[in-house]
Amino acid sequence: MVFRRSDRGHKRSATDPVTLKLLVAGGFGVGKTTLVGAVSEIRPLRTEEVLTEAGRPVDDTHGVENKRTTTVAMDFGRITLRDDLVLYLFGTPGQDRFWFLWDELAQGALGAVVLADTRRLADCFAAVDYFERRDIPFTLAVNVFDGAVRYPEETVREALDLDPDVPVVLCDARERDSAKQVLISVVEHAMATGAARRAAAV
């Protein structure tokens, strides 16, 4: 069954829409849950738990001291970009101890968003490395937090040693339109990458 925003009062199209899977990844507290929630047209599925004293030795809250919850499995949302194109979004947990879930979540993914916080830029190295090693196209989205320094695209690209073809965009994970543009960037980049690989194989 294909889920739609609403089937009431609308004729079903002759063909079912294409459904694509995207991951939303990045470090702890970078805004993954916020982005999925901002853009999803359904009530997002969240697996958040309250941060506890027991987790303080392993959860680095430097720079995000006000964070009270953390994703322990995944976030899930859905957005219809066009009548014939639906994205399923899977937000990954950010802490090292939950990385065993990433391989399961990454199966069948067209591409990914790697969210970055310039105050804790090193936190997204692991996600960048993960997708590079598995040849999964991704867009690097710098989440513009209040009070954070804004750096030029090339400065961020150089700091993370990104390949020239990897898109780098600024976004506000709280804003639906901003988050939507990030997802569009991922889809376009993934499609262009796939086309280039097919051409090279001929």
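**Entry 1: salt bridges**

I looked up a network of salt bridges and found that it links Asp146, Asp172 and Arg174. I applied the rule that a salt bridge is a side-chain nitrogen of Lys or Arg within 4 Å of a carboxyl oxygen of Asp or Glu. The structure is a predicted model, in which local features need pLDDT of at least 70, side-chain atom pairs count only at pLDDT 80 or more, and totals for chains, interfaces and linings use all residues. Residues are numbered from 1 along each chain as its sequence is written, and side-chain values use heavy atoms, with hydrogens and water left out.

I noted 10 salt bridges in the structure. I then examined glutamate 41 and arginine 78, whose closest N and O atoms are 2.9 Å apart in a salt bridge. Glutamate 41 lies in the loop between α1 (32–39) and β2 (45–50) and arginine 78 in strand β3 (residues 69–82), so this pair ties together parts 37 residues apart in sequence. For these elements I used DSSP runs numbered from the N terminus: helices are H or I of at least four residues, and strands are E of at least two. Arginine 78 is buried at 5% relative accessibility. Here buried means under 20% relative accessible area, exposed over 50%, and partly exposed in between (1.4 Å probe, protein chains only).

I next recorded the salt bridge between arginine 134 and aspartate 103, at 3.6 Å from N to O. This pair links distant parts of the chain, 31 residues apart: arginine 134 is in the loop between α3 (125–133) and β6 (138–143), and aspartate 103 is in helix α2 (residues 102–106). Arginine 134 is partly exposed at 39%, and aspartate 103 is partly exposed at 41%.

I also checked arginine 157 and glutamate 153, which form a salt bridge with closest N and O atoms 2.9 Å apart. Both residues lie in helix α4 (residues 153–160), 4 residues apart, about one turn of the helix. Arginine 157 is buried, with a relative accessible area of 9%, whereas glutamate 153 is partly exposed at 38%.

**Entry 2: backbone angles**

I recalled that most residues other than glycine have a negative phi. Aspartate 135 has a positive phi near 55°. I located aspartate 135 in the loop between α3 and β6, where aspartate 135 is exposed at 53% relative accessibility. Aspartate 161 also has a positive phi, of about 55°, although it is not a glycine. I placed aspartate 161 in the loop between α4 and β7 (168–171), and it counts as exposed at 63%.

**Entry 3: aromatic pairs**

I counted 6 aromatic pairs, using rings of Phe, Tyr and Trp (its six-membered ring) with centres within 6.5 Å; planes under 30 degrees apart count as stacked, over 60 as edge-to-face and the rest as tilted. Phenylalanine 76 and tyrosine 88 are stacked, at 5.9 Å centre to centre with 25° between the planes. The pair links distant parts of the chain, 12 residues apart, with phenylalanine 76 in strand β3 and tyrosine 88 in strand β4 (residues 85–91). Both phenylalanine 76 and tyrosine 88 are buried.

Tryptophan 102 and phenylalanine 131 form a stacked pair, at 6.1 Å centre to centre with 25° between the planes. Tryptophan 102 lies in helix α2 and phenylalanine 131 in helix α3, so the pair ties together parts 29 residues apart in sequence. I found tryptophan 102 and phenylalanine 131 both buried.
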